[in-house]
Amino acid sequence: MSNSSQLNVLNNDFTLTIIDEAAKRVRDVVNGGLPETAGLRVGVVGGGCSGLTYDVIIVVGPQPRDTILEINNTRVFVNESSAQYLNGMIVDWISSMQESRFVFQNPNETGNCGCGKSFSVDTASSQQSSGQ
């Protein structure tokens, strides 16, 4: 991994790190014709064999309940209800001949499925770490 930036937000010690390669990928897409309000929306949704999946998409702007962050010169939108599952997460980008995708290192994960598409968390500790 190379250089990264962090930002503390949401009235508590919320940290999300975007590695340079991931930030560059988002900026390349945004600069390819999207409005300057565009950015990376990061969240989680229920699903998959382990219970949760990452919901990561480049969007033209935030949703009403998103927190807007500027991390590593990249606009990032975090869904308010997902923040407890994303605190401390690192977002990176991998690109090889076989695949190109965002990858996540999430300290809140307590398990994941064999295919790597979904994950689980200990809801008691994730709510405690988010101050809920």
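Modeller: Let's begin with Gly61, which counts as buried because its relative accessibility is 17%; buried means under 20% relative accessible area, exposed over 50%, and partly exposed in between, with a 1.4 Å probe and protein chains only. Keep in mind that this is a predicted model, where local features need pLDDT of at least 70 and side-chain atom pairs count only at pLDDT 80 or more, while totals for chains, interfaces and linings use all residues. Residues are numbered from 1 along each chain as its sequence is written, and side-chain values use heavy atoms, with hydrogens and water left out.

Biologist: Okay, and where does Gly61 lie?

Modeller: Gly61 is in the loop between E4 and strand E5 (66–71). Helices (H or I, at least four residues) and strands (E, at least two) are DSSP runs, numbered from the N terminus.

Biologist: Which residues is Gly61 in contact with, leaving aside neighbours within four places in sequence?

Modeller: Those are Thr37, Ala38 and Phe77, where contact means heavy atoms within 4.5 Å. Also, Gly61 and Glu36 are 25 residues apart in sequence but 8.5 Å apart in space, C-alpha to C-alpha.

Biologist: Let's zoom out. How many helices and strands are there in the protein?

Modeller: The protein has 3 helices and 10 strands. Along the sequence they run β-β-α-β-β-β-β-α-β-β-β-β-α.

Biologist: And what share of the residues is buried?

Modeller: Of the 132 residues, 40% are buried. The accessible surface comes to about 7,400 Å², with 45% of that belonging to carbon and sulfur atoms; those areas come from the Shrake-Rupley method with a 1.4 Å probe, and for residues only the protein chains shown count as cover. As for contacts between residues at least 6 apart in sequence, 52% join residues at least 24 apart.

Biologist: Which strands does E3 pair with?

Modeller: E3 pairs with strand E4 (residues 52–59) in the antiparallel sense over 8 bridges, and with strand E6 (residues 74–79) in the parallel sense over 3 bridges. Two strands pair if DSSP finds at least two bridges between them. On the E4 side, Arg41 stands opposite Ile57, while Leu40 has Val76 as its bridge partner in E6.

Biologist: What about the turn between E3 and E4?

Modeller: The two strands form a hairpin with 5 residues between them, and Gly47 in the turn has a positive phi of about 155°.

Biologist: Switching to the core. Which residues touch the most other members of the largest nonpolar core?

Modeller: Leu16, Ile18, Val76, Val78 and Leu86, out of 26 residues in that core. Helix H1 (residues 20–30) gives the most to this core, with 4 residues. By nonpolar core I mean a set of buried Ala, Val, Leu, Ile, Met, Phe, Trp, Tyr and Cys residues joined through side-chain atoms within 4.5 Å.

Biologist: What does Leu86 touch?

Modeller: Not counting residues up to four places away in sequence, its contacts include Phe14, Val42, Tyr54, Val78 and Asn106.

Biologist: Asn106, then. Is Asn106 buried or exposed?

Modeller: Asn106 is buried, because its relative accessible area is 10%. Asn106 sits in the loop between strand E8 (100–105) and strand E9 (109–112). Its side chain makes a polar contact with the side chain of Tyr54 at 3.0 Å. A polar contact is a pair of N or O atoms within 3.5 Å; within protein, one must be able to donate a hydrogen and the other to accept it, and residues adjacent in sequence count only if both atoms are side-chain atoms.
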